[in-house]
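Please keep the sequence and the structure in view while reading.

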Amino acid sequence: MLELRHRGAGPGPGAAGAPPPREGEAAGGDHETESTSDKETDIDDRYGDLDSRTDSDLPEIPPSSDRTPEILKKALSGLSSRWKNWWIRGILTLTMISLFFLIIYMGSFMLMPSVLSIQVKCFHEIITIGYRVYRSYDLPWFRTLSWYFLLCVNYFFYGETVADYFATFVQREEQLQFLIRYHRFISFALYLAGFCMFVLSLVKKHYRLQFYMFAWTHVTLLITVTQSHLVIQNLFEGMIWFLVPISSVICNDITAYLFGFFFGRTPLIKLSPKKTWEGFIGGFFSTVVFGFTAAYVLSKYQYFVCPVEYRSDVNSFVTECEPSELFRLQSYALPPFLQAVLRWETVSLYPFQIHSVALSTFASLIGPFGGFFASGFKRAFKIKDFANTIPGHGGIMDRFDCQYLMATFVHVYITSFIRGPNPSKVLQQLLVLQPEQQLNIYRTLKTHLIEKGLLQPALKV
């Protein structure tokens, strides 16, 4: 039974010190029927003062149903629950990895809608928990507004992506030119409309609950939409910046589970009792070796190392380029103690392999804290998984809690240590300018190149 304390509730009608009735309102509240009063009281009792809740006051969310296919249940019926869960997780993991490779084979164009679909599902799982915990299904317009805000934020981020990477295509379409030119104003207007709708939907005596859910929605948007946008940005830098980080997190998740399952004895963190130091350390070394090896293999192919660009002449994405220095073999001198052990003086590596060590180290040492954060979130609201979408794994968010943190790190890493001026993007921006502006830039660049001695001045006749 929840303890309900309503702050600011004054003395009842007729009590000493009660405020006089408002203008146009008869004493005793003649304009408020008894049924309306009872209804408001019932709703008020239902929501109450959320600040007075303790952890034990949170409602129990019913456990998710088992969605394991019947054929698997029958095949594994003779095993203990521990090994049954091991096989279910293993089979579904291999299935997801196979699907992942299939999407990669289909190209960048299929990866983008896949990222968007995962983002929407993660948003749905987190926002649904908020509705259940705070029992806010009956709040006016709130579910509609939550999805409206998701649409607005996606419109803003993906519109920015279109403006950056599809400039030549936009230039040919007059309607798109208008949308791109005023994109930020349109995005702000759409968000402002949702903001006004939220203010108009506020219900007397339930303001606090509505603002709780308003904040819940915006934090969920920050976690899901912003991070998925960074995933797309990383992908445009080259598919290798998408594949190596994501596969490193997957590798760490799998190997940490295997090391913990077979050798785990020492608990790692109270938030996740099943996590062990043996799994954590084993996952770290396995992930670094995997990332280093995967970087070597992928660096050989233009399909993975070239930036993803949209070519308007062929109306498709292309991954053709002259590989940068990051993806060309370089000779490195080994430290003296390694020369004595390996009897090699130099070793040939792709520079990206050195960067892959930083990426895989983050994936195995810091990345798991995204999972610990998610575990703490689930414990706070007394749930085992975000959803039951994937048997043995939980929801989509249970599998991508570390990926979002990794996406942010990769984006920061690229902008801090890798990315230089992008000639392709500069050219796209030039093509959008007016002809007079393009000629002015051409003359300025020509003069600059002549002064540098890179271009011969025109001969006067």
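Of the 39 residues in the largest nonpolar core, Ile240, Trp241, Phe242, Leu243, Phe352 and Leu359 touch the most other members. A nonpolar core is a set of buried (under 20% relative accessible area, 1.4 Å probe, protein chains only) Ala, Val, Leu, Ile, Met, Phe, Trp, Tyr and Cys residues joined through side-chain atoms within 4.5 Å. The model is predicted, with local features needing pLDDT of at least 70 and side-chain atom pairs counting only at pLDDT 80 or more, while totals for chains, interfaces and linings use all residues. Residues are numbered from 1 along each chain as its sequence is written, and side-chain values use heavy atoms, leaving out hydrogens and water.

- A second, separate core of 33 residues includes Leu92, Phe157, Ile396 and Met397.

**Around Leu359**
- Leaving aside residues up to four places away in sequence, Leu359 touches Trp241, Val244, Pro245, Phe352, Met406, Phe409, Val410 and Tyr413, with contact meaning heavy atoms within 4.5 Å.

**Helices H15 and H16**
- Pro368, Gly370, Gly371, Ala374 and Lys378 in H15 meet Asp398, Asp401, Cys402 and Leu405 in H16.
- The residues of this contact divide into four nonpolar, two polar and three charged, with Ala, Val, Leu, Ile, Met, Phe, Trp, Tyr, Cys and Pro counted as nonpolar, Asp, Glu, Lys and Arg as charged, and the others, including Gly, as polar.

Notes. Helix = DSSP H or I, 4+ residues; strand = E, 2+ residues; numbered from the N terminus. Buried < 20%, exposed > 50% of the residue type's maximum accessible area, 1.4 Å probe, protein only.
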